[in-house]
Amino acid sequence: MSAGKRTAVPTATTDLEEGLRVDCYVRPTVSTAANGAIDRVVERLERLEDDGTVDDYRIVRWPPNGVAGDGRESARGEIVAAFERWAERRDRSLEPAFRRRELPASPLCPGSDPGERVRVPIVTLALYEGENGGESDETATVRGVVPHTDRTGDTDRTYTVEEWLSAAEGTGIAVDDPTDERGRSGQATLLEGRQ
């Protein structure tokens, strides 16, 4: 692919003014089978970078869950909140791959406040426009989060990491085509956190 010509990338726009960066968030501890699947995702991202479909990618381990010591939301919670804002603006949802769960106050710590736990998929792709991608850079623009569920039609349609990679490689179904019967609406793969 020539440097000036950009291939259409699902869940992102083709008229990017700056480069497309993919941040691949992975859980810090996973099974051997999931580790192999993550390695294959990384290989595919590397090929997408080599052919110019994406300008850059990086692998990021999800930060620990829980509330920060000063009562603020954890780094994980802040990242997921940014992804949720992207989803809300586009009438999409991060569920079922992402889930928030309220935790009661600890009976062992009188006066403690209830908390929240955020469950994340084994692999998440965050698509950014901008030189530095995400990582607290105000100039980066979130262009997509995978997996996510499109709730704009008559039925919910969940888009997976595998589907996004296949579409970006030009070898799979069009990710934005909910009428394609090969889509796996409602199913989650190993990468989305269910086996």
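How many of the seven residues of strand E6 are buried? Seven of seven are, so to speak of E6 (residues 123-129) is to speak of a strand that is mostly covered. The model is a predicted one.

Both faces of E6 are covered. On one side sit Val123, Leu125, Leu127 and Glu129, and these are buried.

Now look at the partners of E6. Strand E1 (residues 20-26) pairs with E6 over seven bridges, in the antiparallel sense. Here Arg21 stands opposite Tyr128 in E6. Strand E7 (residues 141-146) is joined to E6 by five bridges. E6 and E7 also run antiparallel. Across this pairing, Leu125 faces Val146 in E7.

Step back to the whole chain. It holds three helices and nine strands. Read from the N terminus, the elements run β-α-β-α-β-β-β-β-β-β-β-α. The chain has 195 residues, and buried residues make up 42% of them.

Another set of strands forms an open sheet. Three strands take part, in the order E3-E8-E9, and the pairing is antiparallel. The edges are strand E3 (92-93) and strand E9 (157-159). Each has a single partner strand, so one side of each is left without a neighbour in the sheet. E3 is joined by two bridges to strand E8 (residues 148-150). In that pairing, Ser93 stands opposite Thr149 in E8.

Next, the surface. Five residues gather there in a patch of negative charge: Asp39, Glu43, Glu46, Asp50 and Asp51. Glu46 belongs to helix H1 (residues 32-50). Asp51 is placed in the loop between H1 and strand E2 (56-61).

Are these two residues buried, exposed or partly exposed? Glu46 has 40% relative accessibility, so it counts as partly exposed. Asp51 has a relative accessible area of 32% and is partly exposed too. The class covers values between the buried limit, under 20%, and the exposed limit, over 50%.

Technical notes
Residues are numbered from 1 along each chain as its sequence is written. This is a predicted model: local features need pLDDT of at least 70, side-chain atom pairs count only at pLDDT 80 or more; totals for chains, interfaces and linings use all residues. Side-chain values use heavy atoms; hydrogens and water are left out. Patches are made of residues with over 30% relative accessible area and no salt bridge: like charges are joined within 9 Å, nonpolar side chains (Val, Leu, Ile, Met, Phe, Trp, Tyr) within 5 Å. Accessible areas come from the Shrake-Rupley method with a 1.4 Å probe; for residues, only the protein chains shown count as cover. A salt bridge is a side-chain nitrogen of Lys or Arg within 4 Å of a carboxyl oxygen of Asp or Glu. Lys and Arg count as positive and Asp and Glu as negative; His and the chain ends are not counted. The place of a charge is taken as NZ of Lys, CZ of Arg, CG of Asp or CD of Glu. Helices (H or I, at least four residues) and strands (E, at least two) are DSSP runs, numbered from the N terminus. Buried means under 20% relative accessible area, exposed over 50%, partly exposed in between (1.4 Å probe, protein chains only). Two strands pair if DSSP finds at least two bridges between them.
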